[in-house]
Amino acid sequence: MSTVAGEMDHHDHHHHAPSGITRWLFTTNHKDIGSMYLWFSFIMFLVGGSMAMVIRAELFQPGLQLVDPHFFNQMTTVHGLIMVFGAVMPAFTGLANWMVPMMIGAPDMALPRMNNWSFWILPFAFAILLASLFMEGGGPAFGWTFYAPLSTTYSSDSTALFVFSVHIMGISSIMGAINVIVTIMNMRAPGMTYMKMPLFVWTWFITAFLLIAVMPVLAGAVTMVLTDKYFSTSFFDAAGGGDPVLFQHIFWFFGHPEVYIMILPSFGIVSAIIPAFSRKKLFGYSSMVYATAAIAGLSFLVWAHHMFTTGMPVAAEIFFMYATMLISVPTGVKVFNWVATMWRGSISFETPMLFALAFVILFTIGGFSGLMLAITPVDFQYHDTYFVVAHFHYVLVSGAIFSIMAAAYYWLPKWTGHMYDETLAKWHFWCSLISVNVLFFPMHFAGLAGMPRRIPDYSLQFADINQIVSIGGFAFGLSQLIFLAVVIKCVRGGEKAPAKPWDGAEGLEWTVPSPAPYHTFETPPEVK
Amino acid sequence: MTTNSPTPNPAPRADNARVVRRLLFVVVGMFGFGFALVPLYEVFCDITGFNGRTKNEQAAANVRSVDTSRTINVQFITRVNKGMPWGFEPEVKSVRVHPGETKVVNFLASNPTGQNMVAQAIPSVAPGEAGLYLNKTECFCFNQQPLAAGADTKMPMQFYLDPDIPDHIHTLTLSYTMYDMTANAQPDVLASFDAATSAD
């Protein structure tokens, strides 16, 4: 079967594996591009993680120890930007590149040359962003949300670099999203109707529409910041007739769909893994699809719950409170379906399943703290405290990132052709699980006790809790090096993986050999 | 799986192009929508009083009835923007007015620096809803205010509350923030400094 690839040479866009650096520079192969996305995102995860280590080291004790406050602010800002745009989003795009064509029986992505571009502009975006840290006056220090006037009146001269890097990240995401949509709409194998698509494909399809709808709005917001700062426009400057609160509306109109962009593909991953290791069909497939679509639709109607303290009229606060709480209904449907899938299943606990289970529990904890934050009157207490930090790290680290780890373990045998080291992987899981909770759970209490976020120093009563959090942080950071070791070991060798290493797994990706040949499904499979 | 199909891509290329064109249309549209939010927000705030926006233009001093059965407490808050060296204060902290009744409140500004400066005051009203019923017939906030080095001035603000103001509003707060506009001053405002010097 793998010799099929060699016979395709007359198609000029399918150069067969040229060697050296040019293979990676000029590749239009979805598997190559997927691998590059995944490696890039892991490198960014380590870079952004190192910044988190700086933050936790500074916060280990009250007072200013290691870094000055301005540098601390740059660390919180760039940590956020890198983790959102450099780690989580490219990891999902990488998974989409690898898996979507294989799951729908397509030979490649629909627009392979654009695929190459959308990856290769990313390293430049992050090189620009990271380089700005070394400029005079420092890099962005206004938080990843870049609220005006922090990003306009009070920002450093390097803000233009921040703006351009966000532009490039946005273009990359938009191109990636267009590619996913065209691929799913036009390249499904015969018989692969929409309601037969695996949930990972469905969730990515919906995510791609969210990306197309909101990334241009982000591009508009950074452009307005750019012109306000350098070309004396007054979009957000009250003195010139603008309004700084308008910035928050525009930003969160992008920002709230953005947080679902970072979680919907996770839902798809978990919906593939839990049935595989429960040896049962996914419970409530179509309700999963509709719930995903409902979450995506509602995400456009809730943005102002990030802004309860800006002095909105009570009627608006009540609207956004109820609209936000409404999201817990489709999300609850999903959690219910995952639990129902496991009910009376014949469950085994390989590492992908462990991460998926941890995802369900810890993401739900993050969802509950989100519900608490949605309650307008109490949000006034929680706003801008560590409670918020705890909330979004539960949904993004033990949510999105745990699901990416689960996906990596689940599909590593397919990618590399080798089984990963299960013992080492279990070490990675248990170290991550314990440390992530030591890291983020006490933050809830620090926040409820009134510790504000984004500060390099704090009052003495928070000293013990911050020490515990920092220890959890260092442990979590180090645990991820085990993951790196598992992946490298698995790429280099190991027990040969069969085409379908998980006996309960379903989907077209398991019908091709492991490792997946360079070209798959050049003849579309028949889906019944 | 073993047959060598000449068409690896089951969809015709034209079909891809059509979908891409439509998606690009959405992308461009949403980029435009981001900017369209600016005027939309403006209109939304003007209609609803959202975010304490108040009409910053001269209201007609039309004939109206005074509703002596109600008294509303109007409070004044002033601040200068960060880095702005002016002194800026209301003469009184609050006044009690009947809806429909005209009042004048003076604001005191001083420029302690050695430079001629121009400033602009930006109003905001809380609760936002009340902003719709606050009408100013005369205000220093309508225009940029020049103030020569070391000078001080008394700036009047004349207003009335629309008698239709909802019953549940008993207190409203009018806040002014003074911004330094010297760098972006209008030419005719700057010209007033020259006029003052030549008159000496």
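How many Å separate the centres of domain 1 of chain A and domain 2 of chain A? The answer is 19 Å, taken over C-alpha atoms. Keep in mind that this is a predicted model.

Let me start with the layout. Chain A is divided into two parts: domain 1 covers 38-239, and domain 2 covers 263-513. The two are in contact. Domain 1 of chain A brings 35 residues to that contact, and domain 2 of chain A brings 41. Look at the domain 1 side. α2, α3 and α7 (199-230) of chain A each give two or more residues to it. Which of these elements gives the most? That is α3(A), with 11 residues. And the classes? On this side of domain 1 of chain A, 25 residues are nonpolar, 8 are polar and 2 are charged.

Next, the core. The largest nonpolar core has 176 residues. Six of them touch the most other members: Val88(A), Val201(A), Ile212(A), Ile273(A), Phe355(A) and Ala406(A). Both domains of chain A take part, with at least three residues drawn from each.

What is Ala406(A) in contact with, leaving aside neighbours within four places in sequence? The list runs Ile269(A), Val270(A), Ile273(A), Pro352(A), Phe355(A), Ala356(A) and Phe359(A).

Now a single helix. Find α4 of chain A, residues 112-120. Which of its residues are buried? They are Asn115(A), Asn116(A), Ser118(A) and Phe119(A). Why do they sit on the same side of α4(A)? Because they cover an arc of only 165° around the axis. What do these buried residues pack against? Four other helices of chain A: α2 (30-58), α3 (69-104), α5 (122-132) and α6 (159-186).

Last stop: where chain A meets chain B. Here 34 residues of chain A are in contact with 35 residues of chain B. On the chain A side, α6, α7 and α8 (244-261) each give two or more residues. The largest share comes from α7(A), with 7 residues. By class, this side of chain A has 25 nonpolar, 6 polar and 3 charged residues.

One helix to remember, then, is α7(A). It gives residues to the side of domain 1 that touches domain 2, and α7(A) also gives residues to the side of chain A that touches chain B.

Notes. Residues are numbered from 1 along each chain as its sequence is written. Chains are lettered from A and ligands numbered from 1 in the order in which they are written. This is a predicted model: local features need pLDDT of at least 70, side-chain atom pairs count only at pLDDT 80 or more; totals for chains, interfaces and linings use all residues. A nonpolar core is a set of buried Ala, Val, Leu, Ile, Met, Phe, Trp, Tyr and Cys residues joined through C-beta atoms within 7 Å. A residue is buried if 20 or more other C-beta atoms lie within 10 Å of its own, exposed if 12 or fewer, and partly exposed in between; C-beta atoms are placed from the backbone. Domain bounds come from an automatic or database domain assignment. Two residues are in contact if their C-beta atoms, placed from the backbone, lie within 7 Å. The arc is that of the directions from the helix axis to the C-beta atoms. Ala, Val, Leu, Ile, Met, Phe, Trp, Tyr, Cys and Pro count as nonpolar, Asp, Glu, Lys and Arg as charged, and the others, Gly among them, as polar.
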